[in-house]
Amino acid sequence: MPKFRRASRAARVLVPAAVSVVLLAGCAGASGGTGAASPRGSAAVPSPAAPSSGGPATVPGAPDRPVSGSLLVADFGADTVTFVDPAKGATGSVRVGTAPYGLVVGGDGRAWVATAEGVAVVDTRTRQRLALVPYETDSGPVTTGEYRGGGMGIALSPDGRRVYVGVNVPGGKGVLEVVDTTALRVTGTVPVGRRPFDVDVSRDGREVYATNHDSFDVTVVTAGTLESRRVEVAPYGTGGGLGSWLKPHYAAVRPSDGKLLLPFEGERLAVMDPRTGRTAIEPMTADTHQHGAVVTADGTLFAVGTGPIDPAEDRGPSLTVRKPDGTERVYPLEGPHEDVAVSADGRTAYVTGGFTRDGYWDGLSVVDLASGDTRRLPAGSRPLGVVVL
């Protein structure tokens with residue numbers, strides 16, 4: 001087993017003199033910017049209203065239904081989601097709202113997209129935005145960039161009746177909002193931690209998990225009552241506070257036992273039991289700052305490495321594929337990446353190049369998991385979230 005990094009890493013924080021060295025490495029403290037906010041209602045903007053950016057909701061000439069196995073990415077650098085053919089690239093876009101972050105698709109073909117303005121609802125078959133559900137939480141003015149307010153992580157209940165979205169409130173704690181997928185309105189809110197990067201749901205739908213980047217924790221929410229409890233997940237400690245790089249980013253629910261898997265720095269996998277609140281630590285091997293995570297039905301974990309915090313001692317961007325027995329294969333990638341999705345046959349991974357910090361690029365890396373061959377596929381504008389249709 002590889003040894004864990006020396007304890008001095010736990011105190012690593014972002015300081016002004018180090019910005020030029022670590023700019024591509026990860027995400028540290030949140031911006032404290034504030035401003036007057038426009039009032040937000042709770043009623044959906046119905047179809048066929050156009051998004052706030054104006055213009056048609058769909059790109060003219062786009063095909064009327066997605067190709068099986070095509071991808072949908074959230075264009076954090078624009079106001080769109082983009083459909084991607086893994087062999088050819090982008091095939092069309094739909095305007096959804098400012099700076100879309102995470103997205104999820106239900107069995108009915110509707111995509112739910114967390115934007116700075118609200119949760120957009122997109123029919124992936126007709127490629128039209130059906131509605132925009134505004135947040136109940138006041139998250140400040142609608143802006144763009146890494147620290148913008150509004151929706152971040154998003155998840156769908158197993159029965160498709162509710163969407164859960166983590167809303168970032170710049171300078172304060174976040175909120176988990178519950179959207180009724182039939183009524184298209186917010187029906188409940190729960191305070192969570194700072195900057196809820198990711199939201200996940202247990203396989204039985206009874207619990208929701210908000211992974212809160214800037215507060216070193218996961219908020220466990222009981223879906224039926226919206227009661228919540230905080231579980232600290234900080235395998236390096238919380239030294240450095242908002243300036244620390246060593247925070248949770250994304251989680252994945254392990255199918256075999258419902259525990260949450262949270263990769264840290266390509267060195268430590270935090271395995272958190274939401275029932276007990278206890279966290280076990282297992283070694284990892286990629287030695288790189290890690291963001292996106294997803295687990296497949298057989299329990300294989302995919303973790304995205306964005307690049308080094310310190311280029312003198314850390315490795316570059318990569319994709320880690322970790323089997324249930326703990327064995328890992330690390331695929332080197334060119335440039336920072338953010339999130340990952342896996343093809344239905346488990347042979348290909350799609351890693352978005354959007355990245356939350358500077359260093360992003362407009363496309364995906366397509367990784368052949370058997371051969372290790374990787375190719376870049378231009379598509380979208382700073383794509384973050386990704387799903388396979």
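This is a predicted model: local features need pLDDT of at least 70, side-chain atom pairs count only at pLDDT 80 or more; totals for chains, interfaces and linings use all residues.
Colleague: What makes β3 and β28 edge strands?

Modeller: The two strands belong to an open sheet of 4 strands, whose order is β3-β2-β1-β28 and whose pairing is antiparallel. Within that order, β3 (89-95) and β28 each pair on one side only, and they are the edge strands. Neighbouring strands of this sheet are turned against each other by 25° on average, direction ignored; the axes behind such an angle are lines fitted to C-alpha atoms, and angles run from 0 to 180 degrees between N-to-C directions.

Colleague: How many helices and strands does the protein chain have?

Modeller: The protein chain has 1 helix and 28 strands, where helices (H or I, at least four residues) and strands (E, at least two) are DSSP runs numbered from the N terminus.

Colleague: Why is strand β22 (residues 318-322) described as largely enclosed by the rest of the structure?

Modeller: A residue is called buried under 20% relative accessible area, exposed over 50% and partly exposed in between, with a 1.4 Å probe and protein chains only. In β22, 5 of the 5 residues are buried, so the strand is largely enclosed. Ser-318, Thr-320 and Arg-322 point one way from β22, while Leu-319 and Val-321 point the other way, and all are buried. In the protein chain, buried residues make up 57% of the 389 residues.

Colleague: Which strands are joined to β22 by bridges?

Modeller: Strand β21 (residues 301-307) runs antiparallel to β22 and is joined to it by 5 bridges, with Leu-301 standing opposite Arg-322. Strand β23 (residues 328-332) also pairs with β22 in the antiparallel sense over 5 bridges, and there Thr-320 has Val-330 as its bridge partner. The hairpin of β22 and β23 has 5 residues between the strands, and Gly-326 takes a positive phi near 95°.

Colleague: What makes the phi of Phe-355 worth a remark?

Modeller: Most residues other than glycine have a negative phi. Phe-355, although it is not a glycine, has a positive phi of about 60°. Phe-355 is found in the loop between β25 (348-352) and β26, and with a relative accessible area of 0% it is buried. Arg-195, in the loop between β11 (185-191) and β12, likewise has a positive phi, near 50°, and at 2% relative accessibility Arg-195 counts as buried.

Colleague: Is Arg-382 buried or exposed, and why?

Modeller: Arg-382 has 10% relative accessibility and therefore counts as buried. Arg-382 lies in the loop between β27 and β28, and, leaving aside residues up to four places away in sequence, the residues that it touches include Phe-76, Phe-355, Tyr-360 and Trp-361; a contact means heavy atoms within 4.5 Å. The C-alpha atoms of Arg-382 and Tyr-360 are 6.3 Å apart, although the two are 22 residues apart in sequence.

Colleague: Why is Gln-128 called neither buried nor exposed?

Modeller: Gln-128 has a relative accessible area of 41%, so it is partly exposed. Gln-128 lies in strand β7 (residues 128-134), and its C-alpha atom is 9.1 Å from that of Val-96, 32 residues away along the chain.

Colleague: What makes the lining of the largest pocket nonpolar, polar or charged, residue by residue?

Modeller: Ala, Val, Leu, Ile, Met, Phe, Trp, Tyr, Cys and Pro count as nonpolar, Asp, Glu, Lys and Arg as charged, and the others, Gly among them, as polar. On that basis the lining divides into 33 nonpolar, 9 polar and 7 charged residues.

Conventions
Residues are numbered from 1 along each chain as its sequence is written. Side-chain values use heavy atoms; hydrogens and water are left out. Two strands pair if DSSP finds at least two bridges between them.
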